[in-house]
Amino acid sequence: MATLGRCDLCIVQYTSKEHKESHLLGKKHKKKLSDRERFCTSLPIQEVEPASYVQQVYPSLPNVLVSNVSPCNTEAVTEPARSQTVSVNVQTTQTCEEDENTRQAEVIPNIVSVQPTSLDHNEFIRVYEDENGEIIGYKCILCSKKLQCPSAVTSHLQSSAHSKNVSEQPSKLYNLPPIVRHCEDPIDEAYCLTDSIPRGYQAELFEKSHCYDSVIFLPTGTGKTLISIMVISHMLKRNPRRPVLFIVDKVLLALQQFHYIQNELKDQKFSRFDTTNIENIIERNLKIICVYGGHPGSAKDPLSLYDVIISTAVYCDRRMKEKVLRWKDFSLVVIDEVHHSDKEHPFRKLLGEEHHTLEKKDCPQLLGLTASPAGKETISKTITMLQTLVTNLNNSKINIVKEETKELMKYKSTAHLEIQTIPFQDAELPYIAEFKKYLLECLKVLVDCSDLSRNIIPSNEDLIDKSFLNEIEERLRSVTITGEMEKGTIVINHTKKIVSLIIDALDGGISCIVEELKFLSDPSNKEYSFTLASGNGLCCDNIRSIVNTIVGNNIPVSAQFKYLVKTIGEYMTDNRDIPSGLILVMVKRRRTAVELGKMMKTSPLVNEKHLSVVSITGHGGGGGDGMRVSTQRKVFQEIKEGKHQIIITTSVAEEGVDLPKCSLVITLNPPTSVVTLVQMRGRARKNNSTFLVVCENAKNEENIRNLLGAEKIMEEATEYMCNKERSLDILM
């Protein structure tokens with residue numbers, strides 16, 4: 001017999017159409033419906049203490065009558081017995097505070113997979129009954145949210161909003177035992193800590209770093225992260241009641257390290273605290289979570305009850321201030337790309353506010369990872385920079401490979417470095433010169449309405465190079481308006497855009513900025529258009545004419561792009577349609593990466609060789625040409641699967657991100673520090689690979705050669721620091 005459905009509110013199966021109509025009009029059904037609606041509209045939401053301290057209480061609902069209650073859809077309500085397990089395969093929620101116009105099933109994104117939960121035993125759910133003991137509604141006391149039925153409860157418990165609130169509960173105060181660091185035989189232990197078998201030099205560095213505050217200095221791509229996971233595993237085993245914190249400075253790195261750590265440790269059983277009673281130690285798998293920027297990951301428990309937490313420094317700082325996490329509870333804190341902590345960076349802020357304010361006995365062990373700890377033009381300045389770094393890290397020791405150097409050389413990048421100076425072609429030079437002249441005018445007007453110093457303005461446009469543009473771009477971020485606010489805001493925004501366009505043109509040529517020039521000329525642009533600028537003290541007639549010429553003509557592609565295509569073509573032999581390794585092209589700006597990617601895709605070379613080109617940019621707060629983190633992850637996965645052969649990227653792939661070995665790395669954004677030089681070149685890790693630096697002029701080329709000298713000084717200074725520490729150890 002075909003089913004006619006049922007009333008899930010009353011748990012009644014319909015036997016006929018007449019039975020259904022009779023039931024819905026009956027007194028029993030109307031009473032239950034009225035009670036449910038009364039609960040959903042009249043129960044006051046009161047402030048409750050943090051949910052971690054709330055006991056399970058099931059008070060009865062006060063007998064309050066409310067008229068004019070709009071009806072709810074009883075056909076969608078599921079009402080099992082109170083002891084019945086609730087299904088977790090629910091993807092809709094129905095909240096009781098929604099009015100009739102907005103009440104509807106709402107799809108919950110990113111549903112967290114949880115075990116089936118009995119409503120009576122969830123610490124956050126209160127069950128409300130009428131005077132007859134019948135359930136009339138539920139409430140999540142953590143989220144102060146009233147819920148109509150078990151399916152709504154289940155859906156709410158799986159929602160990202162609830163997970164976020166669960167993860168951000170204040171950490172309880174535990175009386176934790178002192179941190180244990182040492183082990184009897186670290187070399188033997190080194191080979192039993194991770195799923196992957198470490199190389200000899202990785203075991204050497206583990207031995208040196210497993211029980212001391214340390215900075216591991218190892219070239220890009222040689223396995224610093226695996227050493228850190230070995231130390232993590234060691235500290236988790238020695239300190240079963242204490243978690244480990246792994247902090248990074250980019251979301252993409254947090255996700256990457258999360259998956260790496262999970263893959264290395266997920267199959268092992270550890271003696272760890274029982275999450276229901278931290279005093280109990282049980283054998284279980286690790287609870288590992290990645291959190292960043294308000295994203296709770298897959299949190300089903302407070303963050304403090306996870307064994308390994310991977311987080312961005314900014315997110316971690318916020319949670320420390322809210323007492324969701326406490327620095328002193330960790331046995332180990334790992335800091336990836338630790339060289340950033342020697343400047344005004346969230347790493348340094350965290351260390352200053354959290355680590356250096358604790359007594360020594362309460363400080364977790366520190367482990368920093370870097371491929372470029374310092375780099376100055378003299379050895380004395382480099383040593384000073386290194387000393388600042390180790391001081392910020394609680395006087396950590398710098399550890400380098402001493403015994404297993406031959407093995408290390410097998411994995412270290414030996415890329416051949418080439419430097420090429422490619423000046424702009426004659427057709428582009430007049431346009432770039434006019435933009436530089438106009439920038440000078442913008443800066444002069446800006447001086448009159450802000451605290452920008454007149455001394456910073458060059459005497460002529462020939463002095464405006466990439467170095468000056470980078471400096472002024474940074475300065476404009478913190479300039480303060482001293483005159484009329486509206487005028488100052490417009491002039492600042494317009495000047496920022498002109499600086500950005502010139503940098504983009506220098507990176508990828510005039511052809512890369514045509515679309516943005518169109519928007520700059522559009523009167524409807526209410527942010528930084530020529531129309532706004534001309535009404536606030538800037539003379540735009542000449543530059544408008546130049547822009548109209550550029551937009552109206554077919555501007556030839558830049559000399560750098562022509563050289564890029566030519567170089568890739570020469571690199572690929574006739575019998576090699578697909579290169580043996582990736583080709584990585586690095587640029588400074590997101591827009592340059594996007595536009596060069598479009599141009600490269602239409603290149604005859606790419607079509608002839610059947611190559612796939614992809615552009616990768618940072619998320620940049622989600623605006624402009626920025627990439628969503630989810631898109632970044634998807635593209636990087638496709639690269640690992642071999643779906644793309646030419647990658648055009650910004651600095652998002654410069655530091656830390658795990659890419660397959662590249663056989664050719666070309667940068668149109670010459671490195672300006674030893675750190676960026678080491679990171680860029682480290683991408684060219686395939687045997688017989690090439691690292692090609694394309695410079696704009698002879699000055700850029702000279703800077704690169706100076707950086708190569710500073711890199712050698714960095715290595716000498718680091719060795720000096722290590723030998724000095726070893727001598728002190730012997731004396732002690």
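Trainee: Which residues in α3 are buried?
Mentor: This is a predicted model. In α3, the buried residues are Pro 150, Ser 151, Ala 152, Val 153, Thr 154, Ser 155, His 156, Leu 157 and Gln 158.

Trainee: How many of the residues of helix α3 is that?
Mentor: Nine of its nine, so the helix, residues 150-158, is mostly covered.

Trainee: Switching to Ile 704. Where is its place?
Mentor: Ile 704 sits in helix α24, which covers residues 698-731.

Trainee: Buried or exposed, and why?
Mentor: Ile 704 counts as buried because its relative accessibility is 0%, and the cut-off for buried is under 20%.

Trainee: What is Ile 704 in contact with, leaving aside neighbours within four places in sequence?
Mentor: Ile 419, Pro 670, Pro 671, Val 693 and Cys 695.

Trainee: How many residues apart in sequence are Ile 704 and Ile 419?
Mentor: They are 285 residues apart in sequence, while their C-alpha atoms are 8.2 Å apart in space.

Trainee: New topic. How many residues has the largest nonpolar core?
Mentor: It has 109 residues. Those with the most contacts inside it are Ile 232, Leu 245, Ile 261, Ile 309, Ile 398 and Ile 639.

Trainee: Where does this core lie, and why there?
Mentor: It lies between domain 3 (187-410) and domain 4 (416-420 + 558-696), because both give residues to it.

Trainee: And what does Ile 261 touch?
Mentor: Not counting residues up to four places away in sequence, Ile 261 touches Ile 229, Ile 232, Phe 246, Ile 288, Val 308 and Ile 310.

Trainee: Which residues does the second core include?
Mentor: That separate core has 46 residues, among them Cys 449, Ile 502, Ala 505 and Ile 555.

Definitions and conventions. Residues are numbered from 1 along each chain as its sequence is written. This is a predicted model: local features need pLDDT of at least 70, side-chain atom pairs count only at pLDDT 80 or more; totals for chains, interfaces and linings use all residues. Side-chain values use heavy atoms; hydrogens and water are left out. Helices (H or I, at least four residues) and strands (E, at least two) are DSSP runs, numbered from the N terminus. Buried means under 20% relative accessible area, exposed over 50%, partly exposed in between (1.4 Å probe, protein chains only). Contact means heavy atoms within 4.5 Å. A nonpolar core is a set of buried Ala, Val, Leu, Ile, Met, Phe, Trp, Tyr and Cys residues joined through side-chain atoms within 4.5 Å. Domain bounds come from an automatic or database domain assignment.
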